[in-house]
Amino acid sequence: MPTLFNEKRSSQPFEILLDQSTIARRVAELGKQITHDYAGKSPLLVGVLKGCVVFMTDLMRHIELPLEIEFLFAASYRHGIRQEEDIILGGGTNVPIKGRHVLVVEGIVDTARTATTILQTLSKQEPASLEIVTLLDKPASHRTKISVKYKGFSIGNEFVIGYGLDNTQLYRNLPFVGRMIDR
Ligand code: IMP
Ligand code: MG
C-alpha cells in the first residue's frame with residue numbers, strides 16, 4: 001500500500017521522535033487523568049491554533065465529560081534589536097469564560113511566552129479554574145515561570161514537527177512527531 005510519508009526514506013529532513021502508538025497511549029492517559037480531575041464539571045477546552053488541531057481532536061475523545069470547545073489563534077511577531085516577541089491573540093477570546101473551568105490546549109510550549117500571554121488574558125475574565133494541557137513541553141526553553149499542569153512529553157531543545165506542529169506551515173499532517181535534522 002502506498003504511504004504518504006515513508007518512515008524509512010532516508011532523504012527526509014526529519015527522524016521519528018514519538019511514534020503513533022506512543023502518542024496514542026499517552027493521549028489516552030491524559031484524557032483519563034482530565035476526566036478524573038474534572039469529574040462532575042463541564043470543562044471548556046480552548047485550543048490554541050494551529051498547533052493544537054491534531055492533539056485536541058484526539059484528546060477530547062478520551063475525555064468522558066460534557067465538555068465544550070472553543071479556539072483562539074496565537075501568533076508571535078519578532079521586533080526590535082533584542083528580537084523580543086509580541087504575542088498576538090485572535091479568535092475566540094470574546095467567548096465568555098467567567099466561572100468556567102477552562103483548559104487551554106497547546107501543541108507545544110517552548111519559551112512559554114504564548115501560554116503565559118494566553119493565561120494572563122484569560123485570567124482577567126475570572127474563570128473558575130484555568131490550566132494548560134500541552135502535548136509537548138520544552139522545560140529547558142521556558143523564559144517565563146509557568147505551571148503546565150498536564151503534559152504529554154517533555155522534550156529537549158530541538159525543533160519538532162508533525163501531529164499538528166509545523167515547519168514553515170508544512171508537516172502538520174504527519175501522524176507522528178519527528179525531529180528536524182540537518183543534512
Ligand atoms: P512559545 O515559545 O512557547 O511562545 O511557543 C511559540 C510557538 O512556537 C508554539 O506555539 C509553536 O507554534 C512554535 N514552536 C515552538 N517550538 C516548536 C517546535 O519545536 N516545532 C514546531 N513549532 C514550535
Ligand atoms: Mg509554527
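Modeller: Two strands pair if DSSP finds at least two bridges between them, and strands themselves are DSSP runs of E with at least two residues, just as helices are runs of H or I with at least four, numbered from the N terminus. This is a predicted model, where local features need pLDDT of at least 70 and side-chain atom pairs count only at pLDDT 80 or more, while totals for chains, interfaces and linings use all residues. Residues are numbered from 1 along each chain as written, chains are lettered from A and ligands numbered from 1 in written order, and side-chain values use heavy atoms, leaving out hydrogens and water.

Let's start with the sheet. Three strands form an open sheet in the order S1-S9-S8, paired antiparallel. S1 (14-18) and S8 sit at the edges, each pairing on one side only. S1 and S9 (residues 177-180) are joined by 4 bridges, and Leu 18 has Val 177 in S9 as its bridge partner.

Now move to Ile 155, in the loop that links strand S7 (150-154) to strand S8 (160-161). Is Ile 155 buried or exposed? With a relative accessible area of 11%, Ile 155 is buried (under 20% is buried, over 50% exposed, in between partly exposed, using a 1.4 Å probe and protein chains only). Leaving aside residues up to four places away in sequence, Ile 155 touches Leu 17, Ile 108, Leu 136, Asp 137, Lys 138, Pro 139 and Val 160; contact means heavy atoms within 4.5 Å. Ala 140 is 15 residues from Ile 155 along the chain, and their C-alpha atoms are 8.7 Å apart.
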